Amino acid sequence: MSTAAATTRPGIRPGEVLADLLPASRVRDTALVLGGAALTGLAAQIALPVPGSPVPVTGQTFAALLVGTALGTSRGLFSLATYALLGLAGVPWFAGGGSGATVSFGYILGMLLAATVVGALARRGADRSVLRMAGTMLLGEAIIYAIGVPYLASAADMSLSAAVAVGLTPFLLGDALKAALAMGVLPTAWKFINR
């Protein structure tokens with residue numbers, strides 16, 4: 001008997017994410033995609049300014065990674081794409097009620113890719129243990145910064161080192177706390193479901 005089979009309750013198949021436990025339908029998938037976009041938009045309204053940085057601390061990155069992990073690859077991608085496209089179209093749900101292509105839009109593009117990657121990892125069970133969830137969240141955060149910081153440097157006409165100083169360094173502690181929260185939430189949800 002495999003370890004995966006021994007640690008999951010009957011009816012949960014390998015490769016499932018939390019969203020797959022709901023009855024399958026197009027309505028479900030549409031609701032999950034729109035709900036994930038809305039959750040990300042709501043979390044972006046939790047915005048604290050960082051002195052000297054054009055980028056605030058928000059709950060948006062946590063929500064984006066949580067959406068990707070809970071919804072899986074394609075629904076996570078569609079959810080963050082919906083969030084990004086509607087924000088570009090003028091829906092005021094980027095950080096602090098913003099919209100359009102701001103200097104921090106690169107982070108949103110990073111969130112789109114990160115949600116897709118963490119969703120793929122969740123399909124491989126990365127959301128079922130604290131240690132694997134830690135690695136998943138750290139990789140997701142790294143993807144967000146790998147796109148967001150260079151975009152910030154270009155959009156704000158600053159050097160890459162200056163963009164790192166104002167768009168990465170001040171956020172590391174907060175992101176570690178967000179990752180720790182995710183490390184507790186998703187594996188705990190799976191443990192609860194497996195009872």
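Reader: How many salt bridges does a search of the whole structure find?
Author: The search finds 6 salt bridges, each a side-chain nitrogen of Lys or Arg within 4 Å of a carboxyl oxygen of Asp or Glu. This is a predicted model, where local features need pLDDT of at least 70, side-chain atom pairs count only at pLDDT 80 or more, and totals for chains, interfaces and linings use all residues. Residues are numbered from 1 along each chain as its sequence is written, and side-chain values use heavy atoms, with hydrogens and water left out.

Reader: Which side chain meets Asp20 in a salt bridge?
Author: That of Arg123, at 2.6 Å, N to O. The pair links distant parts of the chain, 103 residues apart: Arg123 is in helix α5 (residues 105-123) and Asp20 in the loop between α1 (3-7) and α2. Helices are DSSP runs of H or I, at least four residues, numbered from the N terminus.

Reader: Switching topic. At what angle do the axes of α2 and α4 cross?
Author: Roughly 50°, and the axes come within 8 Å. They are lines fitted to C-alpha atoms over the stretch in contact, with angles from 0 to 180 degrees between N-to-C directions.

Reader: And where is Thr82 found?
Author: In helix α4, residues 73-88. Its side chain reaches the backbone oxygen of Phe78 at 2.7 Å.

Reader: What does Thr82 touch, not counting residues up to four places away in sequence?
Author: Val33, Leu34, Ala37 and Trp93, where contact means heavy atoms within 4.5 Å. Val33, Leu34 and Ala37 are among the α2 residues that meet α4.

Key. Helix = DSSP H or I, 4+ residues; strand = E, 2+ residues; numbered from the N terminus. Polar contact = N/O pair within 3.5 Å; in protein donor to acceptor, adjacent residues only side chain to side chain.
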